[in-house]
Amino acid sequence: MIWQLDLLILTLVVLCGIGALMIRDLLGAAILFGAYSFMMCLLWAIMGAVDVAFTEASVGAGVSTVFFIAAVYHTTRRTKD
Amino acid sequence: MEEILGLVIARYNYWIYITLMMVGLYGMIAKNNLVKKIVGMNIFQTAIILFYVSIGVKKGATIPIIEHSHDVAHQAVRAADYINPLPHVLMLTAIVVSVATLGVALAVAVTVYQRHQTLEEDEILKQIREP
């Protein structure tokens with residue numbers, strides 16, 4: 001485990017998480033959440049959990065984002081906070 | 001002070017996991033939009049999964065796959081050379097469960113939107129109170 005890479009990606013994960021909660025657009029929140037899941041997948045590959053990493057890449061970054069976009073498509077993009 | 005700073009730097013990843021967990025908790029409690037609440041719930045879940053996977057990491061160890069050859073089959077496996085795979089297997093289940101809860105939560109949110117024409121929690125509560 002290379003700690004510089006680990007720290008860099010952990011910072012990006014926290015930034016993507018805060019951004020997904022702060023953005024005033026639900027489609028943007030869905031995309032930022034996809035980026036968050038992908039960063040998380042990289043983090044697991046660094047930690048040596050390769051099986052968890054590619055489950056997260058397919059299920060977390062793929063299917064979750066599709067679910068969010070489908071939900072936003074059936075409802076509204078508008079949000080107050 | 002020096003001791004506390006040393007503790008923070010030596011275990012920087014745990015502090016970041018706790019930060020991430022608190023970001024998720026904030027999203028679940030303080031956000032008004034239902035989809036934002038669901039995003040917060042997912043961030044909380046992944047922070048906990050991250051914590052569990054990080055427990056299995058060892059210094060100088062490799063991924064838990066034994067190479068297939070004639071000699072290795074007769075030798076004893078040295079556990080110190082491999083990352084502990086048990087937390088990985090447990091958290092694999094947790095990821096699949098988290099996607100299932102995400103699907104159910106979004107389906108409920110879509111149903112709520114179809115009935116009340118809004119995703120904001122305060123407007124939904126107002127509509128429920130005034131029939």
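## Interface between chains A and B

In this predicted model, 36 residues of chain A are in contact with 37 residues of chain B, two residues being in contact if their C-beta atoms, placed from the backbone, lie within 7 Å. On the side of chain A that touches chain B, two or more residues each come from H1, helix H2 (26-46) and helix H3 (50-74) of chain A. H3(A) gives the largest share, twelve residues.

By residue class, this side of chain A comprises 22 nonpolar, nine polar and five charged residues. Here Ala, Val, Leu, Ile, Met, Phe, Trp, Tyr, Cys and Pro count as nonpolar, Asp, Glu, Lys and Arg as charged, and the others, Gly among them, as polar.

## Packing of H1(A) with H2(B)

Helix H1 (residues 3-22) of chain A and helix H2 (residues 12-30) of chain B have axes that come within 10 Å and cross at roughly 10°. H1(A) is therefore roughly parallel to H2(B), a term for angles under 35 degrees.

From H1(A), the residues that meet H2(B) include Asp6(A), Leu10(A), Val14(A) and Ile18(A); among their counterparts in H2(B) are Tyr12(B), Ile16(B), Leu20(B) and Gly27(B). The residues of this contact divide into ten nonpolar, four polar and one charged.

## Backbone at Gln117(B)

Gln117(B) lies in the loop between helix H4 (86-116) and helix H5 (121-129) of chain B. Its phi is near 60°, a positive value in a residue other than glycine. Most residues other than glycine have a negative phi. Gln117(B) is exposed, with 12 other C-beta atoms within 10 Å; exposed means 12 or fewer such atoms.

## Basis of the model

Residues are numbered from 1 along each chain as its sequence is written, and chains are lettered from A in the order in which they are written. Local features need pLDDT of at least 70, and side-chain atom pairs count only at pLDDT 80 or more, whereas totals for chains, interfaces and linings use all residues.

Conventions. Axes are lines fitted to C-alpha atoms, for helices over the stretch in contact, and angles run from 0 to 180 degrees between N-to-C directions. Helices (H or I, at least four residues) and strands (E, at least two) are DSSP runs, numbered from the N terminus. Angles under 35 degrees count as roughly parallel, over 145 as roughly antiparallel, 65 to 115 as roughly perpendicular and the rest as oblique. A residue is buried if 20 or more other C-beta atoms lie within 10 Å of its own, exposed if 12 or fewer, and partly exposed in between; C-beta atoms are placed from the backbone.
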